[in-house]
Amino acid sequence: MSWRGVLRILGILLMIFSGTVLPPILVSIGYADGQHWHFVYTGLVILALGIALWLPLRKADADLKIRDGFMVVALFWSVLGVLGSLPFLFGLHLSFTDAVFEAVSGFTTTGATAIVGLDRLPPSIPYHRQQLQWLGGMGVIVLAVAILPMLGVGGMQLYRAEASGVTKDEKLTPRITQTARALWTIYLGLTLICALAYWIAGMSLFDAIGHAYSTVATGGYSTHDASIGHYDSPLIEGIAIVFMLLGGINFALHFTAWHRRRPWAYLRDPEFRVYLLLAVGSSLAIAAVLTLESTYASAGPSLRHATFQVVSILTSTGFGTAIFAEWPLFVPLLLAVLSFIGGCAGSTAGGMKVVRVMLLFKQGERQTVTLLHPRSVRFVKLGRRRVPEEVMQSVWGFFSLYMLSVVVLTIGMMAAGLDLESAFGAVVATINLLGPGLGEVAGNFATVNDAVKWMGVFAMLLGRLEVFTLLVIFTVTFWRP
Amino acid sequence: MQAGIILKILGILLTIFSTTMLPPVLVGWLYGEASLLPFLNAFAILLSVGLLLWMPLRCVRRELRLKDGFVVVFLFWVGLGLSGALPLYLSPEPSISVTDAVFESMSGLTTTGATLLVGLDELPKSILFYRQQLQWLGGMGIIVLAVAILPMLGVGGMQLYRAETPGPVKDNKLTPRIAETAKALWYIYLGLTVACATAYWMAGMNTFDAISHSFATVSLGGFSPYDASIGHFESPLIEVIAVVFILIGGVNFSLHFLSWRSLSLAHYLKDAEFRAYLLVLGTVATITVAYLTLTSIYDDFWTALHNGIFQAVSVGTTAGFTTASFHEWPGFLPVLLLFASFIGGCAFSTGGGIKVIRVLLLFKQGSREVMRLIHPSAQIAVKIGRKPLQDRVIDAVWGFFSAYVATFAVIMLALLASGLDQISAFSAVAACMNNLGPGLGQVGANYADVNDFAKWMLCLAMLMGRLEIFTVLVLLTPAFWRR
C-alpha cells in the first residue's frame with residue numbers, strides 16, 4: 001500500500017473540507033448567535049491538519065491502486081466524521097461520544113440523533129448538522145456511482161461500464177473527478193429546486209434550505225424535534241416525498257435522463273420500476289392496516305402518514321411525521337424490512353439496495369427451477385443483460401456479511417444493556433442509515449449508553465461503506481504485501 | 001407427475017405407521033390405564049385408510065421421478081403429521097383441539113419439541129410415551145430424508161454429498177439405493193438409542209423415563225414426560241449423558257457409519273464440518289458460562305458451568321431440552337443461544353437449523369469475496385478439506401440461505417399480524433423453523449397461549465425447516481405443475 005499517496009489525498013480532502021465551515025460562520029453572524037468562533041476554530045484545526053498531511057507529501061505519486069482506494073474511502077468517512085464533531089464539542093459542550101455519534105450520523109446521511117431540544121439551539125449548529133448531511137450525500141454519490149463499482153464491492157462491478165468507460169488499469173483518480181462534477185451538478189440542482197419548493201410551501205428560508213439539504217441527501221436530520229411533523233402540512237410532506245424518492249434513485253440514471261435528455265430512461269430501468277412498485281405497494285398495504293386497526297380517524301390521514309413513512313424509510317431518510325414504532329401489529333417490522341431493502345444503487349440511500357435484493361430473488365427463482373431441471377443451464381438477467389456469476393457471488397457475499405453484521409451488532413448492543421427490540425431497532429436504524437429505530441431508540445439515541453453509541457457509529461460506517469470496504473481493511477490479506 | 005404411484009407409497013407408509021399405535025397400547029396396559037381406545041381407534045382408522053389407498057393401486061409399478069420425489073417427501077411429512085395427531089385428539093386426557101393436536105404431533109415428528117401441553121407429569125403414560133415415540137420415528141425419517149433423498153433432489157447444495165453415497169445416480173430413479181443406506185443408518189440410530197437408554201437407566205432413571213428420554217435425545221427432539229424436562233432429575237450425571245448423546249445425534253450420520261465400519265475415530269477428526277461444529281458449540285458454551293458466572297445468576301461456579309454447557313449444547317444443536325429456564329437468563333444470552341440454533345447440527349444428522357456445513361461454506365465464500373476485492377483478477381476456489389467445490393453447489397447454498405431468511409421474515413410478519421409481540425414472534429419462528437422447541441417471551445415455557453392462526457403458521461415453519469425450505473417452495477412454483 002502506498003501510505004504516502006493515501007495521506008496526501010486525505011490532506012487535500014481535509015483542506016477542501018475546512019472550507020465548509022464558512023457557511024455556518026455566515027449563518028452564525030447573520031443570526032448573531034455567538035457561535036462563529038467555534039466554527040472558525042473548527043476550520044483552522046481541519047485546515048492545519050490537512051496542510052500538515054499534504055505539505056510533506058505534496059510530491060508523492062498521485063496514482064492510487066485498489067488497496068489504497070479502500071483505505072482512502074474508509075479514512076475519508078471516519079476522519080471527516082470525527083472532525084465534523086468539533087462544533088458540537090466547542091459549541092454545545094456535548095461529550096466526545098455524543099459529538100462523534102452526531103457527526104458520523106450526519107456525514108453518513110443516517111440521521112440518528114443524540115440531541116434533544118433542537119428547536120432551542122443557536123441556529124448555526126442545526127445548520128451545520130444539515131450541511132453535514134448534504135456534504136455526506138455529495139460524498140456518497142461519488143462513492144456509489146464511481147468508486148464502489150471500480151473497487152468491485154458487493155456486486156457493484158455490474159455498474160462499472162456506466163461509470164463513464166470501462167477501466168482496464170487500476171488507476172482510480174482521473175475519471176472520478178469527471179464523474180463527480182457531472183453528478184454534483186444534478187445534486188445541486190435537485191437541492192435548489194427542493195429548497196425553493198419548501199419555501200413556497202411555507203417554510204422559512206432557513207428551514208427550507210436546511211430541510212432541502214437533508215431531503216435530497218436522504219439523511220433525515222431536521223431543525224425541529226418534531227421533524228417534518230412540525231409543520232403539519234400535507235403540501236410540505238408531499239414535496240418531501242417527491243424529493244426523497246428522487247434522492248433514492250441511481251444518480252447515474254438521473255445523469256442519463258437529464259444530460260442526454262432521455263426521460264424515458266427511468267421507466268426502462270428495472271431497478272427503478274421495482275423501487276417505485278415497492279414504495280406504492282407498501283404504502284397502500286400499510287394504509288389499509290392503519291385504517292382497519294383505526295390508528296387514525298379515517299382512511300385519509302392513514303394514507304398520508306403511511307405514504308410518508310414508507311418513502312421516508314425505504315429511502316432510509318428517516319424523517320418523522322409519526323412514530324412508526326408505535327404503529328400496530330407487524331407494521332413496524334415490515335417497515336424495518338423495507339429499510340433493509342433501501343433505495344437504488346448509486347443513490348444517497350442506505351440499506352442493501354433494491355438491485356441486490358432483485359438479484360437475490362432472481363437467483364432464488366433460478367434455484368427452484370434448477371431443482372426441477374437439474375441439467376439445465378440458466379442465467380440471471382437484469383433487464384436484458386446477463387449478470388455474470390462473479391457479480392452474483394459478490395451479491396451473495398454482501399448479503400450474508402450484512403446479515404452477520406446485523407446479528408453480531410444486535411448481540412453486542414444487548415450485551416451493552418439494550419433489550420432485544422431496542423437493540424434490533426438500533427441496528428436497523430444505523431446500519432441501514434435510517435435514523436429512528438424501535439423500542440428505546442424509536443425517537444432518538446439520547447438515552448442509550450456510550451458503548452451502544454460507539455457500536456452505532458461503527459454500524460453507520462459499515463452501512464455507508466457497504467460493509468466490505470470497511471471490513472476488508474481488518475483482514476490479514478489486506479496488509480500482506 | 002404420477003399420482004398413482006405417489007398414493008400407493010403414501011398408502012404403504014400409512015399402513016406401516018398405523019402399527020406404531022401399538023407400543024403405546026402396551027405401555028398403557030402395563031401401567032393399567034383405562035383408556036386405551038384412542039390408540040386402538042387410531043390404529044384401525046389409519047390401517048384402513050392406508051389399505052384403502054394401497055389395495056386398489058398395488059399393481060401400479062412405475063419408477064419414481066424427480067418431481068414425484070418432492071411430492072412424496074412433502075406428503076409423507078404432512079400425512080404423518082396429521083395422522084399422528086389422531087390419538088392425541090381422540091384421547092380424553094388431555095382434551096385438546098384439532099389445531100393443538102396437529103401442532104403437538106408435527107412438533108414431535110419434525111423433532112422440534114415445541115409443546116403446548118402443560119401438566120405433563122399428570123398425563124397418562126401411554127400418551128407421554130407416544131409423544132416421545134413420535135420424535136424417535138421423526139428422527140428415523142429425517143435420517144433417510146437427509147442422507148438419501150435430499151441429496152438426490154439436490155436441495156440446498158446437498159448434492160455435494162451425492163457422490164459419497166454409494167450406488168448409481170446417473171438416472172432419475174430414486175428407489176433402489178434408499179433402502180440399503182437407510183438400513184445401515186437405522187442400525188446406528190437404534191444402537192445409539194439403546195446405548196443412551198442404558199446410560200440413563202444406570203444413572204438412575206426408571207426404565208420408562210430412560211427409554212422415553214433416549215428417544216427424544218438421539219433424535220434431538222426435546223420432548224420430555226416432565227414439565228421441567230431434564231431439569232426434573234437434578235442430576236449432573238444425567239445431564240452429562242444427555243450432552244454426550246445430543247452431541248452424537250448432531251453429527252453427520254454417514255460419519256458415524258464410516259467410523260463404525262473402520263472402527264476408528266480418525267474420520268471424525270478429519271472432517272471439516274465436525275471440527276467447525278465442535279468449535280461453534282465450544283465457543284457458545286464458553287461465552288454462556290462466562291457470562292453466567294460474571295453476572296452471578298447462580299450461587300456457585302459449578303451450577304453455572306453445568307447449566308451453561310447443557311443449554312448451549314441443547315439449544316445449539318436444536319435439541320431443546322432444558323435444565324434451566326434460559327429464556328429468563330439476563331442480557332444477550334437467550335438471543336445468542338437462539339442465533340446459535342440457526343447454525344444447528346451437522347448435515348445428515350437429526351439436528352435442525354441451517355446446518356454447520358452450509359454456514360462453513362457461506363463463511364468460506366465470504367472470505368473468498370474479500371480476497372477477490374484485494375486481488376480482482378485472482379482465481380480462487382472454495383474448498384472443504386482439500387476438495388474444491390463447484391460453483392453450482394455454492395450457488396445452491398446461497399439460495400438456501402436467502403430462502404431461509406426470507407421464509408423466516410414472512411412467517412414472522414404473519415405471527416406479528418396475528419397479534420404476538422415482537423420477541424415472542426421472533427423466537428417462536430426461530431424455535432420452530434430451526435426445529436429447536438422452546439422460545440422466548442410468551443413462548444418461553446410452552447406454546448399454550450398462542451392463538452390458533454399462529455399455531456398453524458408455526459406448523460408450517462416446522463415443516464419448512466425440516467424439509468429444508470426448497471422441498472416445500474418448489475411445490476409452490478408454477479413450473480412444477482407445468483407438464
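**Note on the chain A–chain B contact and chain A**

1. The contact takes 39 residues from chain A and 41 from chain B; two residues are in contact if their C-beta atoms, placed from the backbone, lie within 7 Å. On the side of chain B that touches chain A, α16(B) gives the largest share, 13 residues. By class, that side has 29 nonpolar, 9 polar and 3 charged residues. Nonpolar covers Ala, Val, Leu, Ile, Met, Phe, Trp, Tyr, Cys and Pro; charged covers Asp, Glu, Lys and Arg; the others, Gly among them, are polar.

2. This is a predicted model: local features need pLDDT of at least 70, side-chain atom pairs count only at pLDDT 80 or more, and totals for chains, interfaces and linings use all residues. Residues are numbered from 1 along each chain as its sequence is written, with chains lettered from A and ligands numbered from 1 in the order in which they are written.

3. Chain A has 21 helices and 2 strands (DSSP runs, numbered from the N terminus: helices H or I, at least four residues; strands E, at least two). Of its 481 residues, 55% are buried, meaning that 20 or more other C-beta atoms lie within 10 Å of the residue's own, with C-beta atoms placed from the backbone.

4. Look at α7(A), residues 124-151. At 1.5 Å a residue, its 28 residues should span 40 Å, and the end C-alpha atoms are 37 Å apart, which agrees. The expected span is 1.5 Å times one less than the number of residues. Burial reaches 26 of the 28 residues.

5. Gly152(A) follows α7(A), with a positive phi near 75 degrees.

Note on methods: Buried ≥ 20, exposed ≤ 12 C-beta atoms within 10 Å, placed from the backbone.
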